[in-house]
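Hi everyone, thanks for coming. Let me put the structure up so that we can walk through it together.

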Amino acid sequence: MGKLKVKIDNRLIEVEQGTTILEAARKIDVNIPTLCYMNLGDMGIEHKPGGCRICVVEVEGRRNLAPSCATDCHDGMEVKTHSIRVLNARRTVMELMLSDHPFECLTCAKSGNCDLQSMAIKFGIRDIPYEGEKSTYKPDTSPAILRDVDKCIMCRRCETMCNDVQTVGVLSAIYRGFESVVAPAFERNLDHSECTYCGQCVAVCPTAALTEVDHTNQVLRALADPTKTVVVQTAPAVRAALGEEFGMKPGTLVTGKMVAALKQLEFDYVFDTDFAADLTIMEEGAEILDRLGKFLAGDKDVKLPILTSCCPGWVSFFEYHFPDMRDIPSTARSPQQMFGSIAKTWFAEKIKRDRKDMVVVSIMPCVAKKFECTREEFATDNNPDVDFSLSTRELANLIKRANIDFNKLPDEDFDKPMGESTGAAVIFGTTGGVIEAATRSAYEMYTKKTLDKVDFEQLRGMEGIREATVDFDGFSLKIGIAHGLGNARKLLEDIRAGKSEFHAIEIMACPGGCIGGGGQPLHHGNSAILKARQKAIYQEDSGKPIRKSHENPSIIKLYKEFLGEPLGEKAHHLLHTSYFDRGKEIVIEADVKEENR
Amino acid sequence: MHLLVCGGTGCHASASNQLLENLKKEVADKDLSGEVQVISTGCFGFCEKGPIVKIIPDNTFYTEVKPEDAPDIVAEHVIKGRQVKRLLYKDPVRKEVISDSRDMGFYKKQLRIALRNCGFINPENIDEYIAADGYEALGNVLADMTPEEATKVVMDSGLRGRGGGGFPTGLKWDIARKVEADQKYVVCNADEGDPGAFMDRSILEGDPHSVIEAMAINGYCIGADKGLVYIRAEYPLAIDRLKTALGQAREYGLLGEDILGTGFNFDIEIRYGAGAFVCGEETALIHSMEGHRGEPTFKPPFPAQSGYLGKPTNVNNVETFANIPVIYNKGAEWYASIGTEKSKGTKVFALAGKINNVGLIEVPMGTTLREVIFEIGGGIKNGKKFKAVQTGGPSGGCLTEKHLDTPIDFDNLLASGSMMGSGGMIVMDEDDCMVSVARFYLDFTVEESCGKCTPCRVGNKRLYELLDLISKGNGTHAELDKLRNLSEVIKDTSLCGLGQTSPNPVLSTMDNFWDEYLSHVDDQRCPAGQCKELIRYEVVEENCVGCTACARNCPVNCISGERKEVHFIEQSLCIKCGACFEKCKFNAISVS
């Protein structure tokens with residue numbers, strides 16, 4: 001089919017059939033403002049409900065204005081993006097939206113990072129001529145996500161993430177007309193829904209209708225308490241994104257500056273979740289080999305594939321949606337929880353502190369980690385292994401509040417022993433990383449040979465579902481990788497149907513893995529940012545002197561001094577967990593009525 | 001002899017069922033069952049005067065018949081051949097008694113095509129439909145025509161969609177026909193939602209087979225073997241009759257596999273709507289049928305490309321389908337000879353409001369509003385003055401005296417600032433305040449907006465609030481400016497037809513009754529005396545005779561005064577209900 005000739009603001013452009021007006025305009029740098037529109041290009045997610053009506057333009061010969069995001073170009077089309085009719089309509093729509101929005105900009109969690117606010121500034125809104133009733137709803141606080149849907153502007157991006165991308169199906173529009181809003185069914189609270197707290201809704205919300213629960217004040221209070229020893233751990237994906245909050249280019253590695261900042265914030269020990277990631281590989285790798293060995297020996301009680309279990313959003317997902325298959329994932333706890341468990345036992349003994357006097361804080365690219373650390377099984381005598389989990393965004397906020405000039409900080413190193421880690425641990429931060437790290441160690445354990453090359457390029461990439469075969473000295477290990485829960489669902493359904501041929505599968509709840517986590521700096525739908533973060537992660541890995549988890553000296557020491565063997569009894573108690581059929585936990589109708597009373 | 005008893009929902013509610021039973025019993029008791037048949041039919045349309053009993057062959061038309069009138073009708077009319085005078089229709093204008101329905105103003109100017117069988121056949125008996133040429137069109141199409149030829153008939157007829165949009169039906173069929181797909185669907189939109197409109201319900205209640213037959217023809221034309229009727233769950237009688245009809249059609253081999261031995265398969269399922277107005281919009285309707293939230297999506301893709309379950313789907317409303325079999329039976333040329341240049345055939349209207357003959361009527365396109373209101377409708381109630389007529393449902397505009405001689409068709413109504421819609425027609429008299437009327441319709445659209453797009457979700461609410469402010473005397477010229485700007489922006493930017501038309505009542509009343517808006521704003525006065533916040537009831541001392549009628553009827557006891565003395569209204573307590581005004585026989589209560 002031939003190209004279409006389109007005139008936008010009197011400039012001629014040729015575009016392919018199927019190009020929208022918005023895309024065509026962007027090609028010639030005419031930036032039509034958008035609000036509900038979201039395009040996560042490489043992930044194949046384009047959200048264009050045509051609901052906000054901010055992107056309307058005038059099309060010659062058309063009766064009404066056209067939403068540029070959803071209207072395809074046709075040959076000979078003439079478009080005006082800033083005629084007085086368009087500007088007036090756009091402004092009026094903006095005024096309408098603001099007339100039903102709380103005027104709380106000064107105290108709002110998203111102030112300065114809010115798409116609606118930026119748009120109001122761009123349009124030069126100085127007053128709102130339309131006064132009237134505002135729609136109000138009950139606020140909802142869960143362990144991880146805060147819903148303040150008075151601020152919902154019905155862009156429905158969260159709905160696309162929750163339903164189409166993640167297939168979790170918790171958020172959808174409810175009620176009608178002026179009262180309509182996005183919420184769980186029957187306006188239940190999130191903790192009475194099947195929410196996995198993956199936080200992808202939070203990551204795309206243009207306003208503060210959905211935010212993470214803020215734990216920064218609790219952490220500041222712990223830091224100020226002289227009776228507490230405060231230990232911090234930082235997840236691998238944080239160092240590849242934190243710089244963005246301070247104006248750095250996406251993909252800038254800020255490991256050293258981050259450590260320096262945490263020390264300035266007066267954490268007593270600045271450790272690395274990567275240490276626990278290496279530990280995870282020791283346990284999970286051993287488990288893979290154990291299950292694989294038994295399976296190949298014909299043991300009918302052993303099931304394959306084995307699935308990774310470091311992602312708390314993913315764990316909640318299969319507990320809700322595939323409870324019948326909860327014996328398939330690895331029983332290894334996530335690195336965050338392994339860290340907390342070891343910090344409050346082995347390390348506590350080392351520094352001669354009682355676990356009650358220790359506070360373990362984690363810095364995570366994640367929202368679900370906030371929920372994970374509240375799970376009852378991860379506490380001893382009501383004292384949680386990890387006390388508080390902060391998102392990357394919250395850490396940035398803490399640093400700013402403490403008057404630290406992040407960009408000028410010198411690089412500093414993690415403390416020992418729990419700050420020592422390998423390249424294998426760093427790549428936990430991206431999709432494909434956990435399974436690559438496991439492969440590096442499992443290969444050497446299985447074949448008793450040393451790897452010539454530790455990079456398994458076939459496991460890397462950004463496609464939602466990937467598969468690869470790794471030659472284990474004659475045995476072909478079949479590996480599957482999925483990121484985004486919708487993709488995970490497909491692999492799980494294959495397993496349930498007995499169609500899966502994989503031996504091991506890595507699953508991450510968030511598109512891109514942790515680099516695209518719900519707690520990361522907002523990428524506003526720009527997938528180039530995710531790619532830059534991924535590149536940074538692999539860069540950190542290749543720069544590490546040790547790149548295989550089982551060679552981490554501190555890990556070796558930990559097993560020698562304290563744990564004994566991987567999958568041993570102590571490891572079983574401290575580093576493994578079991579899963580629940582959480583579908584049963586969801587409240588029955590009577591409770592919902594009670595709740596809404 | 002046939003006694004036709006109206007079995008439509010309106011007459012049903014006035015005990016026509018009992019009337020039917022009583023008539024049957026009387027006939028049986030008098031041993032007349034051999035010669036006299038008592039038949040329950042669909043709606044006659046003259047709902048104002050229901051329940052209706054029509055006697056064939058002499059066309060005697062009895063109105064407001066009660067169950068206890070059955071013995072008189074049988075004893076007098078059936079046996080003795082004497083009309084029961086007290087049940088005959090009395091023309092409100094000419095004050096004369098009319099016995100033959102064909103002489104009644106209400107029916108004289110009507111041409112019933114879509115409603116041809118309503119009030120004529122028993123909708124629960126397929127044989128009666130077949131006797132009235134039913135399923136002949138389907139038979140002929142399947143036997144003698146290719147899908148392309150059959151589609152061309154509808155194209156040539158000039159029929160346009162009766163659901164509101166007025167899109168050429170044949171063209172719509174042709175687009176769906178040309179799309180290649182392994183599965184296609186025919187959908188009948190029976191989600192009638194305009195307040196006061198009930199033509200689709202009446203057709204399904206009175207002539208369900210015409211819709212079934214048309215859907216099957218449509219299925220043959222576009223290559224679909226599945227049909228769905230999306231009908232409001234609040235239409236129990238229509239659903240019942242439709243179900244009965246579907247059962248009979250299957251039994252007769254007119255639905256199902258290998259219809260009439262031609263190898264064509266077609267069957268119909270019923271889907272229930274929960275009464276959301278916006279689900280009458282075809283994309284919203286399809287989403288609702290799929291189990292999704294009933295809200296529209298941007299077109300394209302049109303349902304003909306990607307509709308129900310992503311498959312090509314043709315959606316037409318009930319009235320559109322009801323026209324189809326006749327078009328085949330009498331020919332496209334015949335159909336195209338009725339109506340105006342661009343609007344062919346007839347249109348059914350639901351007449352309501354301050355009009356003498358409330359009911360359902362069908363007239364050729366091109367009939368003027370004056371003919372409809374003053375001849376068929378019998379003029380304005382209580383001799384009041386005509387003020388406006390609102391056509392096209394809640395998002396239509398209000399037309400005035402100056403539009404009365406405009407021939408009604410799709411394009412003329414649009415050009416006058418209103419629209420055809422699904423055919424609601426609400427007549428207003430001098431007592432109606434146009435600001436309140438606009439507010440009333442906005443109240444409806446605010447309630448029925450799905451909430452998807454900003455201008456409709458928030459804008460209509462703000463429009464309502466502005467109108468409310470003005471009707472309470474708190475508006476200024478700034479509010480009038482906002483009202484106009486906002487109305488225009490909502491029309492210009494809304495996603496679907498609901499928002500694109502919802503400001504019509506505001507814009508048309510502002511255009512045609514600007515003075516009334518100014519009175520509310522400048523003088524805090526409601527000329528029609530309707531806006532409660534702006535009116536005051538007072539006793540006209542020189543007229544008051546002290547009859548105490550006002551005081552006795554005041555629900556809040558705010559009127560005092562001794563017998564035969566001038567009364568007094570305590571303004572601080574008055575709720576402006578108007579009871580005193582209505583009860584006073586001496587013009588001693590004034591409204592200001």
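I'll go through the domains, the cores, a helix pair, the chain contact and a few backbone details.

First, some ground rules. This is a predicted model, so to speak of local features we need pLDDT of at least 70, and side-chain atom pairs count only at pLDDT 80 or more, while totals for chains, interfaces and linings use all residues. Residues are numbered from 1 along each chain as its sequence is written, and chains are lettered from A and ligands numbered from 1 in the order in which they are written.

Okay, chain B. It's divided into domain 1 (2-101), domain 2 (126-335), domain 3 (346-429), domain 4 (434-522) and domain 5 (536-591); those bounds come from an automatic or database domain assignment. Taken over C-alpha atoms, the centres of domain 3 of chain B and domain 5 of chain B are 37 Å apart.

Now the inside. By a nonpolar core I mean a set of buried Ala, Val, Leu, Ile, Met, Phe, Trp, Tyr and Cys residues joined through C-beta atoms within 7 Å. Buried is 20 or more other C-beta atoms within 10 Å of a residue's own, exposed is 12 or fewer, partly exposed is in between, and the C-beta atoms are placed from the backbone. The largest nonpolar core has 346 residues, and W314(A), V5(B), L23(B), V211(B) and I217(B) have the most contacts inside it. There's also a second, separate core of 12 residues, with A551(B) and C580(B) among them.

So who does V5(B) touch? Counting a contact as C-beta atoms, placed from the backbone, within 7 Å, and leaving aside neighbours within four places in sequence, its partners include L19(B), L20(B), L23(B) and V53(B).

Next, a helix pair. Helices here are DSSP runs (H or I, at least four residues), strands are E runs of at least two, and both are numbered from the N terminus. In chain B, helix α8 (residues 169-178) packs on helix α10 (residues 208-222) at about 45°, with axes 8 Å apart. Axes are lines fitted to C-alpha atoms, for helices over the stretch in contact, and angles run from 0 to 180 degrees between N-to-C directions. Under 35 degrees is roughly parallel, over 145 roughly antiparallel, 65 to 115 roughly perpendicular and the rest oblique, so α8(B) and α10(B) are oblique to each other. W173(B), A176(B) and R177(B) meet N218(B), C221(B) and I222(B) there.

Helix α11 (residues 236-251) of chain B holds L242(B). L242(B) is buried, because it has 24 C-beta neighbours inside 10 Å. Its contacts beyond four places in sequence are L204(B), P208(B), V229(B) and I270(B). H209(B) is 33 residues away from L242(B) in sequence, yet 7.9 Å away, C-alpha to C-alpha.

What about the two chains together? 28 residues of chain A are in contact with 27 residues of chain B. On the chain A side, α2(A) gives the most, with 7 residues.

Last, backbone details. The peptide bond from I56(B) to P57(B) is cis, omega near 20°, and P57(B) sits in the loop between β3 (53-56) and β4 (60-62) of chain B. Another cis bond runs from K299(B) to P300(B), omega near 0°.

A15(B) isn't glycine, but its phi is positive, near 70°. A15(B) lies in the loop between α1 (9-13) and α2 (16-29) of chain B, and with 16 C-beta neighbours inside 10 Å it counts as partly exposed.

That's my tour, thanks!

Key: Two residues are in contact if their C-beta atoms, placed from the backbone, lie within 7 Å.
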